[in-house]
Amino acid sequence: MPPVIEVSNLHKRYDDKVAVDDVSFTVHQGEIFGILGRNGAGKTTTVECVEGLRTPDRGTISVLGLDPLTDRLELTRRLGVQLQAGMLPGRLRVGEALELYSSFYPRPADWRGLLHDLGLSEKARYADLSGGQQQRLSIALALVGNPDVAILDELTTGLDPQARRDTWELIEGVRARGVTIVLVTHFMEEAERLCDRIALIDAGRVVVVDTPAGLTSRARIEQRIQFRPSREFDTGLLANLPEVSGVSRRDEFVVVTGDDDALNAVMAVLARNQITAGRLRVEQASLEDAFVELTGRKDAR
Amino acid sequence: MNGATWRLIAVEGKLSIRDKAALVWGVACPLVVLVILGSIPSLREPITEDLTVFDVYVPVLILFNVAILAMTALPSTLAGYRENGVLRRMRTTPVGPVRVLAAQLVANFVIALVAMALFLAVAGLGFGVEPPRNPLGFAVAWLLATAALLSIGLLVTALVPSRAAATAIGTLLFFPMMFFAGLWVPIAQMPPLLQDVSAYTPLGAGMGAFQDAYLGDFPSASPLVILVVHAVVCAAIAVRWFRWE
Ligand SMILES: Nc1ncnc2c1ncn2[C@@H]1O[C@H](COP(=O)(O)OP(=O)(O)OP(=O)(O)O)[C@@H](O)[C@H]1O
Ligand SMILES: [Mg+2]
């Protein structure tokens, strides 16, 4: 099956500022594809080129086999879009907006169902909605046309934790219907839970495309083990282990860093010496660590 | 036209009505002025063998209504849509932003049409002002004047960078335009030079055409041509150079 979205060598500059330098990726039928990157990395510019809202300076884009700039009618019918910034008239009511937008599409979804799923009230005026409610409405409008592909820029930014979880469930339901989804996000938990694959974008370039687990292991981040030993002992015993890269003390705690096998090695040494580890805490490398590692920290620039 | 277009027009109409400013300034205000002027006995005395001062003010107030809608309501709404990303959001739908513009134009047109009928009815039933003796001529004059004004409003929207600028420029144009329609000094009492200038302005030409229709003639060619030129030229420039973002 050909990819649903194919972006190759996309380049886009605003005046003399290069926003997207060289971005290529493909998105397959039915997957949730995440786009992660720091503020200003070029995520929104990239997806707006895919949506046909911006004209790339170089590169080619195909969505469902269509050209986003020339096949407007066909593309807009099949592509649902949530813009990072985008508003409705302030005096428009939520129900009116959904009813209006659903009339734009050949086979719309049931807008009342969406209204309910997203916990919106039909009569509220757009201008009176809170930021999170506006965001939910914008998600509903992206889905109301029953799209084959949905591009959601900052899906849950501004939502409270409960609304965020509800939205994730909604998106999982949408994916279950076979809709292909591109998700721009800053929330690692969201990316980890929803995305099949993630493109990390940094300074207008794709650093890596991988599964969430793949990204985490790629970053090769050390484990950090912290515990309070039941008695004093020579920490040199731990420092000599090949799996361990560092040992330090903080008040009555011992902090050990090392590779994936460090925990087992440390526990074995402690057991041999009849020491128990109180208040043991192990920090695994998270997607967040991987993100920071792979997109280059400030001092690395 | 399909369902989406009609729904869009209905929604834009509703939004225009919810925007109290347009109704207050564009409809209620000229209506109140109409009633006040109608209640002043001295304005009801004939100045020519056919017309009273009040008779002349009825079409002036009809143009006032169209001018408020076209020069202030339309540009500030549409420039606001552009500024707030409403038009951008529409670009991602199959309907596109052009039809939002069209729906706004239609909505304002319909409001102006209803207001015009209301003004004529109030003037006729309330104060015994005779309706235009040439109804067809009046209708043509009103249609062309409304088209010219909406085009100019669209042109303002097309070229200005922001909503604030649209409102400011629209309002700034409104006053001289109304002056040349004879809001403050009836055209007949203007010095000849100003009368000549007035004839080339959209509202001056509109008044000229209305005058003919009131007196029973089909409007003469020159005001109609001037209105058509304003309508076509402004619309063409607006369409060609419309700023979408
Ligand atoms: N309309 C514009 N005109 C000029 N520069 C722009 C414009 N839009 C974005 N930029 C610049 O292009 C770069 C990429 O912006 P973009 O909005 O694509 O980033 P992003 O990855 O979506 O960031 P965020 O996470 O903050 O949403 C930024 O440096 C930004 O300042
Ligand atoms: Mg962005």
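Residues are numbered from 1 along each chain as its sequence is written, while chains are lettered from A and ligands numbered from 1 in the order in which they are written. In this predicted model local features need pLDDT of at least 70, side-chain atom pairs count only at pLDDT 80 or more, and totals for chains, interfaces and linings use all residues; side-chain values use heavy atoms, with hydrogens and water left out.

T44(A) belongs to helix α1 (residues 43-51) of chain A and Q84(A) to the loop between β5 (79-82) and α3 (94-102) of chain A, so the pair ties together parts that are 40 residues apart in sequence. Helices (H or I, at least four residues) and strands (E, at least two) are DSSP runs, numbered from the N terminus. Q84(A) is partly exposed, its relative accessible area being 40%. Buried means under 20% relative accessible area, exposed over 50%, and partly exposed in between (1.4 Å probe, protein chains only).

In chain A, strand β7 (residues 180-184) is mostly covered, with five of its five residues buried. On one side of β7(A) these are T180(A), V182(A) and V184(A), and on the other I181(A) and L183(A). Strand β3 (residues 32-37) of chain A pairs with β7(A) in the parallel sense over four bridges, and I32(A) stands opposite I181(A). Strand β6 (residues 149-153) of chain A also runs parallel to β7(A), joined to it by five bridges; here V149(A) stands opposite T180(A). Two strands pair if DSSP finds at least two bridges between them. Together with helix α6 (residues 161-176) of chain A, β6(A) and β7(A) make a right-handed β-α-β unit. A crossover is right-handed if, with the strands pointing away from the viewer, the path from the first strand over the helix to the second runs clockwise.

Over all chains, the structure holds 11 aromatic pairs. Rings of Phe, Tyr and Trp (its six-membered ring) pair if their centres lie within 6.5 Å; planes under 30 degrees apart count as stacked, over 60 as edge-to-face and the rest as tilted. For F54(B) and F127(B) the ring centres are 5.6 Å apart and the planes at 70 degrees, so this pair is edge-to-face. F54(B) lies in helix α3 (residues 53-83) of chain B and F127(B) in helix α5 (residues 98-127) of chain B, so the contact ties together parts that are 73 residues apart in sequence. Both F54(B) and F127(B) are buried. The rings of F138(B) and F210(B), with centres 4.8 Å apart and planes at 20 degrees, form a stacked pair. This pair links helix α6 (residues 135-159) of chain B, which holds F138(B), to helix α9 (residues 202-214) of chain B, which holds F210(B), 72 residues apart. F138(B) is buried at a relative accessible area of 4%, and F210(B) is buried at 0%. One aromatic cluster is formed by F64(B), F174(B), F175(B) and W184(B).

A salt bridge is a side-chain nitrogen of Lys or Arg within 4 Å of a carboxyl oxygen of Asp or Glu. D21(A) and R205(A) form one of them (3.0 Å, N to O). D21(A) lies in strand β2 (residues 17-27) of chain A and R205(A) in strand β9 (residues 205-210) of chain A, so the pair ties together parts that are 184 residues apart in sequence. D21(A) is partly exposed at 25% relative accessibility, as is R205(A) at 42%. R18(B) and E96(A) also meet in a salt bridge (2.5 Å, N to O). Because R18(B) lies in helix α1 (residues 3-18) of chain B and E96(A) in helix α3 of chain A, this pair joins two chains. R18(B) is buried at 18% relative accessibility, and E96(A) is buried at 14%. A network of salt bridges links E48(A), R54(A), R88(B), R91(B) and E245(B).
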